[in-house]
Amino acid sequence: MSQKVAVLGTGKIGEALLSGMIRAGWAPADLLVTARRPERAEELRSRYGVTPVTNPEAAKTADTLILTVKPQDMGALLDELAPHVPADRLVISGAAGIPTSFFEERLATGTPVVRVMTNTPALVDEAMSVISAGTHATAAHLTHTEEIFGAVGKTLRVPESQQDACTALSGSGPAYFFYLVEAMTDAGILLGLPRDKAHDLIVQSAIGAATMLRDSGEHPVKLRENVTSPAGTTINAIRELENHGVRAALIAALEAARDRSRALASGKKD
């Protein structure tokens with residue numbers, strides 16, 4: 001890759017992105033990083049061979065800026081960057097809940113902005129990254145963003161109006177699965193299994209089920225029905241899930257996550 005890319009505010013997700021890009025063929029010499037602490041920047045230089053710079057230096061030097069700071073820190077970062085970002089720079093935001101208009105209003109007129117919602121499986125190259133174009137972003141900008149985030153998983157283009165729903169479903173999604181595994185592990189212990197064995201059984205079952213969902217092309221209802229024999233153990237368990245309103249609770253939970261994403265976009269703190 002010949003373009004220079006800067007990752008600003010390089011935390012866990014930013015580092016995962018750097019690592020994935022290097023494995024995908026990006027030259028470390030073309031990758032710049034910024035970090036709040038000098039020792040963190042030096043750690044990234046030592047580990048990956050990338051170049052630590054200041055935020056203004058990144059804005060002046062890189063062709064693409066990937067902003068990975070927390071949403072509450074984004075305003076201050078843009079105040080620092082705005083005097084130094086030419087209108088031909090591609091700015092990619094990884095901050096949940098912040099619309100592209102927030103960046104466009106604070107940067108030079110015409111600056112292309114792309115909004116990306118990724119998730120923590122980026123740490124193991126299994127991310128789901130959802131990409132939306134701002135007012136001035138072109139198809140080429142979206143393709144370039146896909147090349148970057150494709151290094152750590154799958155990508156999907158959606159209209160920005162769907163970003164809050166995607167944040168609820170996929171951005172927060174891994175936490176729902178971890179929560180479910182936690183509950184199933186506790187159930188396994190209640191049923192008499194040691195914690196480590198319950199954990200292994202559930203994790204491998206989850207991996208197998210996810211692989212079947214991805215590779216079989218079957219609807220999840222069909223896959224569930226294949227496990228559910230008449231008057232068997234599975235249908236009795238599913239009856240209890242329905243009796244306890246698990247399906248309705250999941251829908252309500254995702255609606256709550258979507259609503260919180262909308263509130264964050266409007267600047268609401270509490």
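**Close-up 1. Packing of α7 (163–171) against helix α12 (residues 246–265).** In this predicted model, α7 and α12 pack at an angle of about 130 degrees, and their axes are 8 Å apart. α7 is therefore oblique to α12 (under 35 degrees is roughly parallel, over 145 roughly antiparallel, 65 to 115 roughly perpendicular and the rest oblique). The crossing of α7 and α12 is right-handed, the near helix being turned clockwise from the far one by less than a right angle. Axes are lines fitted to C-alpha atoms over the stretch in contact, and angles run from 0 to 180 degrees between N-to-C directions. Helices are DSSP runs (H or I, at least four residues), as are strands (E, at least two), numbered from the N terminus.

**Close-up 2. Residues 160–263, a span listed by UniProt.** An unreviewed UniProt entry lists this span as "domain: Pyrroline-5-carboxylate reductase dimerisation"; such annotations may be inferred rather than shown by experiment. The span is 83% helix and 0% strand, with its end C-alpha atoms 15 Å apart.

**Close-up 3. Lining of the second largest pocket.** This pocket holds about 1,000 Å³ of space (an open set of 1 Å grid points where a 1.4 Å probe fits, with protein on both sides within 12 Å along at least five of seven lines). Its lining has 43 residues, with an atom within 4 Å of a point, and G9, G11, T68, V69 and K70 lie nearest its centre. α1 gives the largest share, 4 residues. The lining divides into 18 nonpolar, 17 polar and 8 charged residues, with Gly counted as polar.

Residues are numbered from 1 along each chain as its sequence is written. Local features need pLDDT of at least 70 and side-chain atom pairs 80 or more, totals for linings use all residues, and side-chain values use heavy atoms, without hydrogens and water.

Technical notes
Points joined across faces, edges and corners; volume = space filled by probe spheres on them.
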